[in-house]
Amino acid sequence: MQISYLLKKILIKIIPIKKNRIVFISFGGHYSDSPKYICEEIHKLKPTAELVWLVDEKYKECVPTFAKAVKYNSFKSWYYYGSANIIIDNVYGEKEAILSGKDLLSRVKYNILSFLNYKKNQFVYTTWHGMPIKRMGRDQVNSKEIYDFSCPNTTMFVNDKHTYEIMDHINFEKINMKLIGTPRNDILYKNDINTINELKLKLNLPVDKKIVMFVPTFRSDNGNFEKNVEKSGLNQLKDIDFKKLFDTLNYKFGGEWIFLCRFHYHVEKMVDWNEIKGKYGDKVLNGNKYDDIMEYMMCTDILISDISSALCDFIITNRPVFNLFPDYENYKNNERGLYIAVDDLPFNINTNFKELIDSIQFFDMETYLKKINAFKDKYGYVYSSDSSKQIAEYILKEREILWKN
């Protein structure tokens, strides 16, 4: 445990709580995902609440005027974090402690961190950030054995029974689980062409063209930095014949197409977009330019991914999903492992570009809709288009006694 990290935790522990102060965090410094939508609803319901976002410098201007933007992981952010009555994020509120060894030192570290993370009148509400298709935590292939988990005063909101059961398991049943919905997905229930066109203009996307978006997931590859970037999308791009792809999409679905690439937040900072532009020109557009993937997904006509949880969000729209997963066998057996069997997924696993093209050419909408509806039923989706409001109301009601005192 580093001295600077320990100092941060101690300062956060001793700072007094300020009632009515709510701090938001998304992906460690973004302004996005479910916390963004909960924030907007809380402001409508409780305009007097003090709303604070901890964000990287480049996202400060994204934060609305009714909230305060503070640089993520700065000394100032430690103060706001420590004094927050409520913390809302999409991971664990940075409050988790994991015991990954039975030796004395591991137990001491775990107990110290668990103690420092606990504050009597500070409550964490987390939405996580996607349905688990790939194994996590204690369930990962070849992961270090995890013996215990701590995350005090935390409630997690999820969108389906599968996520509920998996997260409850990997968190040792130590988090209060609520099956209400995923706020970031509310937007996907809307299919208004005017809203879509407005978003396209906001995102600098052509209104008169159809969009195919590629969202590769993150590969850990045993911590190899360079391979992480290459295997998390760049290698797949090299295998795509864009003329063939656009011609096939035009033949099957009509219209002119553009290709949008959105990298995982773990690797987006490592990607050189100037290099990508040099290789592909205007064939590959930057889907990380704006922070909120859900706005991009709302504008997307067809999604291509490997095993990203974005697949499970996007099928809410009933629009086509295709899979490009060249390292499927390695990922399943050696890297992470999968929770969901291939036969249960409502699309084919394509391990190369030719298979992807075949899947597009032989796509049948009626069969696809049956498959995604069966998938959603089997895994217990909550069909909610207003989960942002429901969760905001839940949080404010549960903490009502604190607001009054």
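**Close-up 1. Charged side chains over phenylalanine rings.** In this close-up the charged end of lysine 13 sits over the ring of phenylalanine 115, at 4.2 Å from the ring centre, where a charge sits over a ring if NZ of Lys or CZ of Arg is within 6 Å of the ring centre and within 35 degrees of the ring normal. The charged end of arginine 138 is likewise placed over the ring of phenylalanine 172, 3.9 Å from its centre. The model is predicted, so that local features need pLDDT of at least 70 and side-chain atom pairs count only at pLDDT 80 or more, whereas totals for chains, interfaces and linings use all residues. Residues are numbered from 1 along each chain as its sequence is written, and side-chain values use heavy atoms, with hydrogens and water left out.

Close-up 2. Phenylalanine 242 and tyrosine 280 form an edge-to-face pair, 5.7 Å centre to centre and with 70° between the planes. Phenylalanine 242 belongs to helix α8 (residues 242–253) and tyrosine 280 to helix α9 (residues 273–280), so the pair ties together parts that are 38 residues apart in sequence; helices (H or I, at least four residues) and strands (E, at least two) are DSSP runs, numbered from the N terminus. Phenylalanine 242 is buried at a relative accessible area of 4%, and tyrosine 280 is buried at 15%, where buried means under 20% relative accessible area, exposed over 50% and partly exposed in between (1.4 Å probe, protein chains only). Phe242 and Tyr280 also belong to one aromatic cluster with Phe214, Phe246 and Phe259.

Close-up 3. The whole structure contains 17 salt bridges, each defined as a side-chain nitrogen of Lys or Arg within 4 Å of a carboxyl oxygen of Asp or Glu. One of them joins the side chains of glutamate 50 and lysine 18 (3.2 Å, N to O). This pair links distant parts of the chain, with glutamate 50 in strand β2 (residues 50–55) and lysine 18 in strand β1 (residues 18–24), 32 residues apart. Glutamate 50 is partly exposed, with a relative accessible area of 22%, and lysine 18 is partly exposed at 38%.

Close-up 4. Lysine 370 forms a salt bridge with glutamate 366, and their closest N and O atoms are 3.9 Å apart. Because they are four residues apart in helix α14 (residues 365–378), lysine 370 and glutamate 366 are separated by about one helical turn. Lysine 370 is exposed, with a relative accessible area of 56%, and for glutamate 366, also exposed, the value is 56%.

**Close-up 5. A salt-bridge network.** Here Lys36, Lys202, Asp292 and Glu295 are linked in a network of salt bridges.

**Close-up 6. A nonpolar surface patch.** Leu104, Val108 and Ile112 make a nonpolar surface patch of about 270 Å². Patches are made of residues with over 30% relative accessible area and no salt bridge, like charges being joined within 9 Å and nonpolar side chains (Val, Leu, Ile, Met, Phe, Trp, Tyr) within 5 Å; accessible areas come from the Shrake-Rupley method with a 1.4 Å probe, and for residues only the protein chains shown count as cover. Valine 108 is placed in helix α4 (residues 104–117) and, at 36% relative accessibility, counts as partly exposed.

Conventions:
Phe/Tyr/Trp six-rings, centres within 6.5 Å; stacked < 30°, edge-to-face > 60°.
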